[in-house]
Amino acid sequence: MSTRIHARYLIETPYPVEHAAQVMAGEQSSGTFTRLANETDALRAAHGAVVENIETLEAVGAPSLPMRADLAPQGHALFQRALVELSWPLENMGPSLPNLVSTVAGNLFELKEFSALKLLDIDLPSAFAGAYPGPQFGMSGTRQLTGITSGPLIGTIIKPSVGLSPTETADMVAQLVAGGIDFIKDDELQANGPHNPLRARVDAIMPIINAHAERTGKKVMYAFNISGDIDEMRAQHDYVVAAGGSCVMVAVNSVGLAGVAHLRRHCQVALHGHRAGWGMLSRSPHLGMAFDAYHKLWRLAGVDHIHVNGLRNKFSEEDASVINSARACQAAMFEAPAAGYQIMPVFSSGQSASQVADTYQALGNSDLIYCCGGGIMAHPGGISGGVASLRQAWQAAMAGIPLATYAREHQELAQAMETFSV
């Protein structure tokens, strides 16, 4: 079993690729811009990063990212792209998530040798599994908490994002619960604002959810957004738990790896991860971090769910990227005996019944949370009609029945297809 950390990158450089890769390895381990007296061969052998592999790709005639003209070598004509794999000994930083990020995604993005550089993926030794407990509930535990043993969790987001009072939010929750929803989440913009404080929101919402559970045996999962300072998050988590809640939510990029990891060790309920701000890391093909690398950090930190966007979404992400992200969440992260750490992907962003068949066909399973805002609220049959249309769409997709055929005998699905299909 490997005790080295591996990371794969897409690079672009006007320098020889081998030279550029060695600069990356030196900058992110034992080297500096010039060889020092105490940088011995033995030290480099023990602690230096290793260039494991280089795969040369195409060359382009102009830099993909801005580059000072005086930084490029004289006489160069092309900017060469390549896939590069580096590895580090675990002993350099130990199984520490913050220091891992400093190593695999630190100063290397600023190096003068590169006109593009993106972290694509990471593979970690099992020592990280020993140091971080990972998701407490994941896919199977979330199903146990909700009582939804098969099919997707049908979910939604409370909108408007801000402006609603606790009472108005609870009124919306009452309608959603009565309409048959499985999962509700706060918006990432709504945490503990003065117009709708978290504790007042919990006090207004949880009696509705608890009463519904007593009547029906079904406890709707509500992801309360507790994003904040660490002590604040712990206290808000405790308040949700005391009220009978089963899920809390954090905006992972906002509270950071150390914040999520600390909360996970204290957490008693499902931890819902929202990736707000993800686009600044991912949108450029020439800079940042791919989801394959990104989500592994949060799985280790301990989220049980994370957003992956949705098919034909309102954002810029392509469908193939969405499905790749969802599959990555469901794949085991380590070799046995430390395998697992699977988390539940959350589909959202402009979703309705119209994307269900394509989502199921592309993903091949229904282990996901399928969140729809307008796809539920704007349904001609109201909230109950919107929820029913989604269940019917998933029933059809999982049975291999075309939606148009199933819609002939299911009015809510027919209305959804007429309303939302483009």
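Of the 422 residues in this protein chain, 53% count as buried. Keep in mind that this is a predicted model.

Start with the overall shape. The C-alpha trace spans about 75 × 45 × 45 Å along its principal axes. A compact globule with 422 residues would have a radius of gyration near 22 Å, and the protein chain has 24 Å, so the two agree. The secondary structure comes to 17 helices and 13 strands. Take the contacts between residues at least 6 apart in sequence: 74% of them join residues at least 24 apart.

Next, the surface. The accessible surface of the chain is about 17,600 Å², and carbon and sulfur atoms hold 53% of that. The chain carries 28 positive and 38 negative side chains, with the centres of the two sets 3 Å apart.

Last, some backbone details in loops. The peptide bond from K159 to P160 is cis, with omega near 0 degrees. P160 sits in the loop between β5 (153-157) and α6 (166-178).

R312 is not a glycine, yet has a positive phi of about 50 degrees. Its loop runs between β11 (305-309) and α12 (319-330). S349, also not a glycine, has a positive phi of about 85 degrees, and lies in the loop between β12 (344-347) and α13 (356-363).

Are these two residues buried or exposed? R312 has a relative accessible area of 42%, so R312 is partly exposed. S349 is at 10% relative accessibility and therefore counts as buried.

Conventions:
Residues are numbered from 1 along each chain as its sequence is written. This is a predicted model: local features need pLDDT of at least 70, side-chain atom pairs count only at pLDDT 80 or more; totals for chains, interfaces and linings use all residues. Side-chain values use heavy atoms; hydrogens and water are left out. Helices (H or I, at least four residues) and strands (E, at least two) are DSSP runs, numbered from the N terminus. The radius of gyration is taken over C-alpha atoms; the globule rule is 2.2 Å times the number of residues to the power 0.38. Buried means under 20% relative accessible area, exposed over 50%, partly exposed in between (1.4 Å probe, protein chains only). Contact means heavy atoms within 4.5 Å. Accessible areas come from the Shrake-Rupley method with a 1.4 Å probe; for residues, only the protein chains shown count as cover. Lys and Arg count as positive and Asp and Glu as negative; His and the chain ends are not counted. The place of a charge is taken as NZ of Lys, CZ of Arg, CG of Asp or CD of Glu.
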